[in-house]
Amino acid sequence: MVESLWIFDVFARETLLFAGVGLLIGGIDDLLIDLVFLVRRLLYGHRPRLTLATLPPRRVVGRIAVFVAAWDEVAVIGGMLSTAIERYEHDDYRIYVGVYPNDKATIDAAAAVAERDPRIRLVIGPRNGPTTKADCLNTLWRALRRDDARDARPTKAIVLHDAEDVVHPQELRVVDSLIDRYEVVQLPVLPLVNRGARLVSGHYADEFAESHAKQIIVRTALGAGMPLAGTGCAIAPEVLAMVAQARGGDPFDATSVTEDYELGLRLAELGARGIFARVATDDVGGVVAVRAYFPGTIDASVRQKTRWMTGIALAGWDRTGWAPPRAVADHWMRMRDRRAPLGVIVLAVAYLAMPAWALAILLHWQAGAAIPYPPSQPTGFVLLVANAALLAWRLAMRMIFTGRSYGLREALWSLPRFLVGNVVALLAAPRAVIVYIGMLRGAPLVWDKTRHDFPDVMAGAETLPTGRPQTAAVVVAVAIAVAVR
């Protein structure tokens with residue numbers, strides 16, 4: 001039996017080394033982002049935060065257009081529009097809702113609200129759905145241009161929203177102020193945690209809490225292009241017109257499944273000034289942000305992550321290419337955006353290596369033989385310790401940023417949700433490869449959307465997160481919590 005153990009030895013050794021090296025590279029990459037963020041906080045953390053009270057006054061008075069693309073959104077569009085007109089505290093805006101002629105249920109739901117408020121403009125596209133979200137947004141763009149020409153009154157800003165979003169009352173005030181100084185404004189996105197699907201829906205809260213409070217801040221601080229989240233982002237019509245002119249037609253790329261990500265990079269390449277606007281609503285940490293339910297089932301989450309991985313990590317190689325040679329920060333960030341498929345391979349090998357290692361140890365123990373492979377060897381032991389330390393750091397940071405936005409309970413839930421996020425990525429990766437191969441072979445793009453829910457905000461059935469920091473961050477790691485505040 002001892003002679004036959006070499007098969008298990010080789011398999012366990014090679015998989016452990018491959019996974020160990022891959023995880024170490026990814027862990028160091030993440031650690032560098034954390035270090036840049038912490039150094040920046042130490043150097044500039046004393047600066048006063050941008051708050052509603054310190055927002056600069058608007059320079060130009062003008063109407064703000066809100067674009068909402070909707071396909072098969074009968075379950076949420078009525079609630080979203082009703083909530084928006086009740087919550088928005090602004091004196092001049094219009095909501096453009098894009099629908100399809102073969103989606104009568106969504107048309108009826110949106111029209112019922114539009115009949116009560118003239119600020120809602122229903123735009124029925126020329127083609128049956130589903131096409132792509134970008135195609136629907138282009139329909140809204142053309143409707144806006146016609147309205148501006150007819151009214152002889154240019155629109156000041158265009159705000160993008162999804163049909164399931166809960167808007168912040170002060171959102172348009174922030175946009176109205178900052179769009180005078182920047183061409184692109186992105187607000188934070190704080191997903192709602194569905195208590196009936198806390199593990200799946202909550203892992204989006206963890207990811208966005210970290211992404212929109214750390215990663216995108218590091219990205220913009222280093223001078224890299226800021227990808228848009230597709231919701232809660234405002235764009236000056238003039239720069240959108242520049243993109244449309246460069247494309248020879250419409251500003252949104254109807255052949256893309258992640259038009260928001262690509263548009264953000266394109267605007268940066270054109271020299272548009274952008275800002276990630278984390279505007280505090282008070283002195284204890286509340287922020288102006290977009291809230292929404294994200295998928296609450298594994299299947300729906302896999303479908304959504306498939307679209308993100310296809311458009312950003314796979315199609316991004318040939319669609320958005322690379323930055324100019326000297327744009328080191330842009331190269332780094334685009335590589336991070338595209339590392340997901342390789343990261344999933346490393347993760348899959350790691351999950352395979354662990355039971356293989358355990359089985360090999362058991363077999364060696366039964367045979368009374370020594371274990372001649374990692375982590376008993378020096379290299380394997382170093383990889384094991386280093387990756388364990390990086391994982392502990394990563395989980396601590398995840399808990400801190402989740403606790404900062406959602407409190408102690410959700411910070412603790414972020415630990416099992418870290419594993420859920422890995423499982424979703426593992427399931428989405430092969431599907432993304434299949435979708436991408438179909439794209440390369442000319443398969444038509446369709447809006448592969450998921451079912452959405454909308455909280456009963458007006459009835460008070462759901463409590464929206466305040467975005468205020470609570471004790472979780474301090475409990476997890478006091479020193480780091482002080483740095484991220």
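**Salt bridges and their surroundings**

Reply: This is a predicted model, in which local features need pLDDT of at least 70 and side-chain atom pairs count only at pLDDT 80 or more, whereas totals for chains, interfaces and linings use all residues. Residues are numbered from 1 along each chain as its sequence is written, and side-chain values use heavy atoms, with hydrogens and water left out.

At 16% relative accessibility, aspartate 30 counts as buried (under 20% relative accessible area, with exposed meaning over 50% and partly exposed in between, for a 1.4 Å probe and protein chains only). Its partner is arginine 394, likewise buried at 11%, and the two side chains form a salt bridge of 3.9 Å, N to O (a side-chain nitrogen of Lys or Arg within 4 Å of a carboxyl oxygen of Asp or Glu). Because aspartate 30 belongs to helix α1 (residues 6–44) and arginine 394 to helix α13 (residues 378–406), the pair ties together parts that are 364 residues apart in sequence; helices are DSSP runs of H or I with at least four residues, strands are runs of E with at least two, and both are numbered from the N terminus. Both residues also belong to a network of salt bridges, whose members include Asp34, Glu210 and Arg398.

Elsewhere, aspartate 162 and lysine 133 meet in a salt bridge at 2.6 Å, N to O, and this pair links distant parts of the chain, 29 residues apart: the loop between β4 (155–161) and α5 (171–178), and helix α4 (residues 133–151). Aspartate 162 is buried at 17%, and lysine 133 is buried at 15%.
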